[in-house]
Structures are given as structure tokens and as C-alpha cells.
Amino acid sequence: MMANDSLITLALLIPAFPLVAYLIQAFVGKRLPRMGDWVSVSAIFVSFICASIIFANMWSNFDPNWVVTAHWTWLDSGTAAHPFKLELGVRLDNLAAVMLFMVTLCATLIHLFSTGYMRDYDGKESDGYRYASFFAFLSLFTSAMLALVISDNLFTLFMFWEVMGLCSYLLIGFYRHKPSAANASIKAFMTTRIGDTLLFIGMLALFTQIGSFRFDDIYAAIEQGAFGGETLGFATATFIGFLIFCGTVGKSAQFPLQVWLPDAMEGPTPVSALIHAATMVAAGVYLIIRTFPLLELGGVLPLIAYVGAFTSLFAAILAIKQFDIKKVLAYSTLSQLGYMVLAVGVGAYTASFMHLITHAIFKACLFMASGAVIYAMHHEQDMRKMGDLRKRLPITYKAMLVATLAISGVPLFSGFVSKDAILVSALAYGGFEHPEHMFLPIAGFLTAGLTAFYMFRLMFMTFFGEAGDKKHVEHAHEVPWNMWLPLVVLAGLSLSVLFSGSVTGGLLGHGDFVLGGGNEWFVKLIKAPVVKVDEHFEHLLHQAHLPGMIASVVLATLGIVFSWLVYKSKTIPAEKLAKLWPNFVHKAIDNLYYFDWLYKDVFIKRVFLPFSRLMARFDDLIIDRILVDGWKDVNAVVKTFIGKFDDTVIDEVLVDGVGGSVPQYLGASLRTLQNGKIQRYLMVAAVALLTIYLLIGVL
Amino acid sequence: MFAGIAHNLTIYLAMSTVFFVFGLFTILTRRNAVGVFMGVELVLNAAAINFVAFYALKADSAQSSPWLDGQIFSLFIIVLAAIEAAVALAIVLRVFGAKKNIDPDQVMELRG
């Protein structure tokens with residue numbers, strides 16, 4: 001165990017290393033050997049070691065209430081009666097330690113993978129500069145994510161949240177010569193901005209209530225019963241909670257702001273693995289996990305649960321019809337994020353965070369495996385052109401199979417443990433406690449079956465059957481070590497023993513060798529702050545455990561078997577299956593439920609653009625024509641009078657008469673001062689001012 | 001709690017003076033209009049620092065206002081600086097269009 005001070009220092013070093021790597025890469029990266037990819041990789045690896053030390057400390061404490069915090073005043077103004085103070089700080093607890101470990105691990109492997117994947121594309125001498133800047137962006141992004149995790153307050157969290165938004169813009173649009181990539185990056189940036197703005201409003205509302213952004217202060221305020229009264233007609237906690245959740249909706253691509261994530265697949269595949277699996281989208285969920293007591297107090301949890309359930313089900317349906325290997329994974333990410341949000345909504349704090357971690361690991365593996373396939377296929381992403389890659393990419397195939405089993409929720413793999421925990425909680429909440437919320441468990445279980453189906457569809461189409469594009473498939477061969485090693489490590493971490501903990505907990509002397517039943521180290525360590533344990537709900541959870549587990553295993557098996565029948569043995573032809581559904585269902589899926597159409601053609605083209613045009617009209621007609629041009633007419637009348645006055649009185653009498661001689665002499669000498677050089681004028685003014693000042697001082 | 005700032009007022013004033021002088025120096029010496037505007041930004045920020053510093057000085061006394069006037073004023077300065085930059089850059093663009101050059105000394109149509 002280490003002293004708290006050194007732990008804080010260590011925590012601060014974790015985001016510092018990638019930040020330094022970013023600076024090095026940004027300024028001298030292109031001049032370093034190998035364009036400096038080793039700088040980024042080793043920086044994040046050192047961060048990983050620091051995070052491991054923190055993780056080991058957390059483990060040796062093994063205390064659900066373990067917290068190490070430190071904070072410093074950043075801005076201190078205002079008065080004693082009206083304090084106005086912003087603080088920076090670090091908060092290390094079990095949540096942050098686990099998160100740090102996961103993020104640094106995934107990021108290290110993804111950096112390593114990128115050294116292989118990107119070299120093929122942008123490592124050419126002619127375009128070497130872009131290879132260096134790719135690693136610069138990657139490092140800056142990772143640094144922001146790590147700093148976000150250790151933040152002890154919403155304010156710095158929000159700052160790093162925005163840095164990540166910027167980096168995701170840069171990375172999604174990395175292939176900037178492709179218009180689709182450029183558009184996707186703008187779309188991602190603008191869409192998440194909507195959520196971010198609402199989140200910021202929520203944070204300001206929170207600040208007016210408790211005068212602090214720190215999580216500790218928020219928890220304390222909740223315990224003391226703050227947040228009375230109303231804001232804009234809503235209970236204050238509801239108002240704030242809703243707006244904070246809006247931030248998550250944007251960042252974690254939940255309904256109705258889910259449109260950006262599928263398009264973001266235009267970015268390089270390692271970027272998809274880092275941003276859209278392991279870190280940025282997880283940050284959205286991390287935010288609502290951090291502010292869980294506030295959301296619970298505000299009563300926004302049912303809304304959150306419905307948004308999550310809805311997103312997970314509808315994204316899973318979209319995934320079935322995709323042929324682009326990365327699009328399938330994109331929709332499955334939406335769907336799994338929906339699971340996490342659903343879990344927060346039904347109060348399953350631990351399950352949600354566990355799924356965040358397990359999902360990050362297996363989804364990073366899936367994305368990188370798809371990247372390896374794309375690399376081997378010479379940047380072909382259409383699954384119809386793949387097939388029969390099993391023997392040509394044996395390591396990738398095995399790693400991807402493990403991760404697919406994990407995401408499908410097959411027992412013995414990590415996804416089973418976390419997904420099962422979510423489904424059981426949803427069942428206990430929606431099935432037993434509040435039967436009116438029956439939609440939540442139904443959507444959850446349906447999604448579980450669909451997930452198994454479409455993920456195995458991906459596996460069968462990619463690795464089995466006939467090769468679609470024979471030339472490419474026959475030339476495909478296994479990727480180099482720096483690309484398959486990350487896959488193998490992540491596949492290893494997708495095994496359930498690490499999470500179900502009946503093994504780990506027992507081995508390390510922190511629990512019994514009993515299957516499930518809350519003995520997992522995860523369940524013991526990750527506990528929601530402030531919120532009281534509801535005995536009745538705990539009882540319902542135990543009741544829901546067995547039926548929930550059986551249902552999820554049965555559904556996953558059904559999904560896999562069905563997928564095998566359709567795409568492997570082809571007993572059921574896919575065309576026939578498609579014909580079972582009416583045409584409008586296909587149309588809706590092909591058009592992504594018309595969301596893009598709604599936003600682009602209705603909101604932007606029908607609402608915003610006409611409004612802008614109306615404003616332009618107003619400017620043109622009222623301001624320009626009537627006010628400005630009208631003023632011209634008024635002036636024309638005045639001008640004639642003034643002109644006459646000027647001609648007769650001023651010019652003839654005063655100027656020609658009186659001022660004929662004196663100004664001519666003065667003007668000739670003073671015109672040299674008015675030389676048109678504005679800096680000279682200013683210099684004169686400054687010197688004059690200084691002289692006056694000195695004179696006052698002397699007198 | 002707030003005494004710290006009040007007693008260190010000199011530091012803040014010294015800093016803002018440094019900003020002001022650097023800004024003025026930049027304005028007077030640049031041969032590039034964009035550089036001149038950067039100097040203007042420095043001068044504006046020097047003023048903003050003074051506002052906040054003097055507010056903090058006053059904060060302890062009885063006449064302190066709850067409205068954070070100093071900070072609000074600084075915010076206004078920041079907003080004005082942003083607007084000024086927008087207008088200024090537009091002017092620079094037009095000047096460049098007319099003269100293919102943005103040296104302020106070349107823009108002397110108004111000389112006597």
C-alpha cells in the first residue's frame with residue numbers, strides 16, 4: 001500500500017504522460033525515427049503501469065468505501081457572504097481505479113495495434129506527416145479521457161469531455177480526403193454538442209444550488225436534503241438530473257441523438273476501437289454512474305431506463321441488416337450502451353459499470369479484429385465480399401470468436417456475467433416490482449437474442465462459407481504480431497473468471513467459492529454512494545436471478561442456433577427470412593428509422609434554414625431598406641439645408657473671410673504630423689500620456 | 001479566505017502592467033496588422049485583470065456588492081475582445097484584398 005499523497009501524484013501522472021507524448025508528437029513527431037509512434041505507445045504504457053499500481057492499491061484495501069481525494073483552489077473570487085470558488089481535484093475510488101486500469105490497458109493495446117494498422121495506410125514517405133499526427137491526436141484523446149476519469153468535479157470532467165469531443169472530431173475525420181469522413185466528423189461534433197450544451201446548463205443549475213461542482217459536495221448535499229424547491233417549474237433535482245443525462249445521451253449516442261455513431265465509422269478502425277468502444281462513449285455512462293445519487297433523487301431513472309431499453313432494442317434491429325463489418329459493430333455498440341443506460345435506469349449501478357468494463361474490453365477486441373480483417377482484405381469492409389477467412393486469419397478468428405461469445409452472453413465469457421446482471425435487475429424492476437414497466441425486461445431479453453444472432457451472422461459471413469471476392473480472400477494472410485497481440489490479450493480478458501469472481505474473489509481471499517450470488521469482487525467493491533440499499537428490491541433481485549439467467553442463456557443459444565441455420569448451414573435462406581417482414585419494416589430499417597431524414601430534411605431544411613432566411617429577409621428589408629436607406633432620404637433633405645448654410649455662412653464668410661490666412665500657415669506645418677501611419681499616432685499618444693503622468697508626479 | 005488576494009494586489013497589478021506594456025509594445029512595433037490586434041488583445045486583458053483584482057480588494061469591505069461586478073466586467077471585456085477580433089480580421093481581409101499586404105504603415109490614405 002502506498003501513502004495517499006503518492007497515490008495522488010501517480011494519478012496525476014497517468015494523464016500527464018500521454019499529454020507529453022502529444023506535445024512531442026505535435027511538434028517534432030514527424031522528424032523522429034518511425035515518426036514517433038513509439039513515443040505515444042511507450043507513454044501510454046507507462047500510464048498503464050501507474051494505473052496498475054493504483055489498481056493493486058485498491059485491491060489490497062478491498063474496501064467499498066475506499067476513497068483518496070485531493071483538491072486545490074483554482075479560482076477564488078467573490079465575497080465571504082457570496083462565495084464563488086472553483087476547485088480542481090483528483091478523486092480516486094474503486095470506480096476510478098477500475099476505470100483507469102481498463103482505459104490504459106485498452107488504450108495501450110490500441111496504440112500498439114495502430115502502429116500496424118496505420119502504417120499500411122498513412123505511413124508512406126509522401127504522407128508521413130499524417131502518421132505522426134494520428135498518434136498525436138490519439139495521445140491527446142487518451143490523456144483527456146484519463147484526466148476525466150480522475151476528476152473529482154463536474155467542471156474539469158466537462159473540460160476534458162470537450163477535449164475528447166474535439167479529438168473525436170479530428171480522428172473521425174482523419175481520412176480527410178474522403179468527403180464522407182469529413183461530413184461524419186462534423187456530424188459527430190455537432191450532434192454531441194447538443195447534449196453538451198444541455199449538460200453545461202445542468203451543471204450551472206447545480207452550481208447555483210450547492211455552489212460547488214465536486215462530487216463529494218454533491219453527495220453531501222443530497223444527504224443533507226438539499227435540492228428543495230423548483231427550477232423553471234420542475235423540481236430542482238429533476239431539472240438538473242435530466243440535463244446531466246442529456247450530456248450522456250449525446251456522448252453515449254442514445255436515442256434520440258444516436259445518429260452520429262454509425263457515421264463515425266468513417267474514422268480509422270483503431271479510432272473506432274478507442275473512441276467508440278473503450279473510452280469516449282463509455283465516458284457518457286461514467287457520467288451518469290458518477291452522478292447516480294442525483295439522478296435517483298430527481299426521479300429521472302425511469303426515463304433513463306426507457307431511453308436505454310429503446311436504444312438497445314432498436315439499434316440491435318438495425319444491426320441485422322448491415323453488410324459493412326464496422327457498421328454491425330457500431331450498431332452493436334449503440335445497443336450495448338443502451339444496456340448500460342438501462343442498467344443505470346433500473347438502479348443497477350454495479351451491473352452498469354461492470355458492463356461498461358466488460359463491453360469496453362470485448363468491443364475493443366471486436367473492433368480491432370474487424371480492423372485486422374479489413375487490413376488483410378486491403379481495406380474491404382463489405383462482409384459479402386469476405387467469407388472463408390477462418391484458416392487464413394487463424395489468430396484473428398479465434399480472438400474474435402471469443403469476443404463474439406462474450407458479447408452474445410454465452411456462459412464462461414465476461415459478457416454473460418455483466419449482461420446477466422443487467423437483465424436480472426431489469427426483470428426485478430420491470431417484471432416484479434413495477435409490472436407497468438414490463439417493456440424494460442422484454443426489450444432487454446429481445447436484444448440479448450438479437451445480439452447473439454447478428455454477431456454470429458457477422459462471424460459466419462466473414463470467416464465461414466464461400467469467399468465473396470476470391471482474389472482478395474486468397475491473398476489474405478495473418479496480420480503481423482503488433483496487430484494480433486492486442487486481440488489475444490483482450491480475448492483473454494473476455495473470459496468470465498475475471499469478473500464472476502467466484503474464482504478471483506476466492507483465490508485472493510476476499511470471498512467464497514460460490515457461483516454468483518454477489519461474491520464477485522466487482523459487486524463487493526463497486527457500490528453506489530449515498531443511495532440506501534433497498535431490502536425489498538434486493539429480495540426481488542434474488543428471485544429474478546434464476547429465471548433471468550435461464551432466459552438470457554436460452555435466448556443467446558436460440559440466437560446463435562438461428563444464425564447458424566441461416567448463415568452457416570443455410571437451411572433457412574436469408575431471403576425467405578427477409579420476406580417474412582412487411583415492406584415498411586425494411587424501408588424503416590434501411591432508412592435508419594428516418595432519423596437522419598428527420599434531422600437533416602425536416603429540422604435543418606424546414607425549420608432552421610427557413611428561419612435563417614426569414615432573418616436575412618428581415619435584415620435586408622427592414623434594417624437595410626427601411627432604416628438605412630430611409631435614413632439616407634432623411635439626410636438628403638437635411639443635406640440641402642446644411643449645404644446652403646455651409647456655402648453661404650461658413651465658406652464664404654468664415655473660411656474665406658476670417659480663416660483664409662491663419663490655417664494655411666498652421667496646416668502646412670501640422671500636416672506632417674498627420675502622416676496616416678496609425679502606429680505613429682499611437683506612439684505620440686503614449687509618449688504624451690507618459691509625459692503628463694511624469695509631470696503630475698513631479699509637481 | 002479572501003484576504004490573500006487583497007494583500008497581494010500588487011502582484012496582480014504588476015502582472016497587468018506587464019501585459020499592458022507588452023501589448024502596447026506589440027501594437028507600436030508590429031509590421032503586421034494581425035500582430036497589432038494581438039497586442040490589442042493583451043491590453044484588453046490587462047484591463048480585465050485590473051477589474052477582477054480591484055473587485056477582490058473591495059470584496060472584504062462593507063460596501064462589497066454581491067454581483068461580482070469585477071468579474072462580470074471582465075466577461076464583457078472578453079466578449080468585446082472577441083467581437084473586436086471578428087471585425088478586425090474582416091478589415092484585415094479587405095485591406096489585404098485591396099493592397100495585397102497588411103502592413104499598417106501602408107494604409108495611409110487618410111494622411112494630411
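**A walk through chains A and B**

A:Thr156 is found in helix 5 (residues 154-172) of chain A. Helices here are DSSP runs of H or I with at least four residues, strands are runs of E with at least two, and both are numbered from the N terminus. This is a predicted model, in which local features need pLDDT of at least 70, side-chain atom pairs count only at pLDDT 80 or more, and totals for chains, interfaces and linings use all residues. Residues are numbered from 1 along each chain as its sequence is written, chains are lettered from A and ligands numbered from 1 in the order in which they are written, and side-chain values use heavy atoms, with hydrogens and water left out.

A:Thr156 has a relative accessible area of 7%, so the residue is buried. Buried means under 20% relative accessible area, exposed means over 50%, and partly exposed lies in between, with a 1.4 Å probe and protein chains only. Beyond its neighbours within four places in sequence, A:Thr156 is in contact with A:Leu88 and A:Ser151. Contact means heavy atoms within 4.5 Å.

A:Leu171 lies in helix 5 too. Its relative accessibility is 0%, which counts as buried. Not counting residues up to four places away in sequence, A:Leu171 touches A:Phe134, A:Phe137, A:Leu138, A:Phe141, A:Gly267, A:Pro268, A:Val271 and A:Ile275. A:Glu296 is 125 residues from A:Leu171 along the chain, and their C-alpha atoms are separated by 35 Å.

Turn to the cysteines. A:Cys167 is buried, at 0% relative accessible area. A disulfide is taken as a pair of cysteine sulfur atoms within 2.5 Å. Over all chains, the count by this rule is 0. A:Cys246 is also buried, at 12% relative accessibility.

Next comes helix 7 (residues 215-223) of chain A, which holds A:Tyr219. A:Tyr219 is buried, with a relative accessible area of 7%. Leaving aside neighbours within four places in sequence, its contacts are A:Arg91, A:Arg290, A:Pro293, A:Pro529 and A:Val530. A:Leu294 sits 75 residues from A:Tyr219 in sequence, but 7.8 Å from it in space, C-alpha to C-alpha.

Helix 8 covers residues 236-251 of chain A. Of its 16 residues, 14 are buried, so the helix is largely enclosed by the rest of the structure. How does its span match expectation? At 1.5 Å a residue, helix 8 should span 22 Å, and its end C-alpha atoms are 23 Å apart, which agrees. The expected span is 1.5 Å times one less than the number of residues. Helix 2 (residues 37-61) passes the test as well: its 25 residues should span 36 Å, and its end C-alpha atoms are 37 Å apart.

Now the backbone. Most residues other than glycine have a negative phi, and most peptide bonds are trans. A:Phe62 follows helix 2 with a positive phi near 45 degrees. The loop between helix 8 and helix 9 (260-263) contains A:Pro256. The peptide bond from A:Phe255 to A:Pro256 is cis, with omega near 5 degrees. A:Leu412 lies in the loop between helix 16 (394-408) and helix 17 (414-433) of chain A. Its phi is positive, about 85 degrees, although A:Leu412 is not a glycine. A:Leu412 is exposed, with a relative accessible area of 65%.

Chain B has 4 helices and 0 strands. Its pattern along the sequence is α-α-α-α. Of the 112 residues in chain B, 28% are buried. Among its contacts between residues at least 6 apart in sequence, 57% join residues at least 24 apart. B:Lys100 is in the segment after helix 4 (69-99) of chain B. Its phi is positive, near 55 degrees. B:Lys100 is exposed, with a relative accessible area of 61%.
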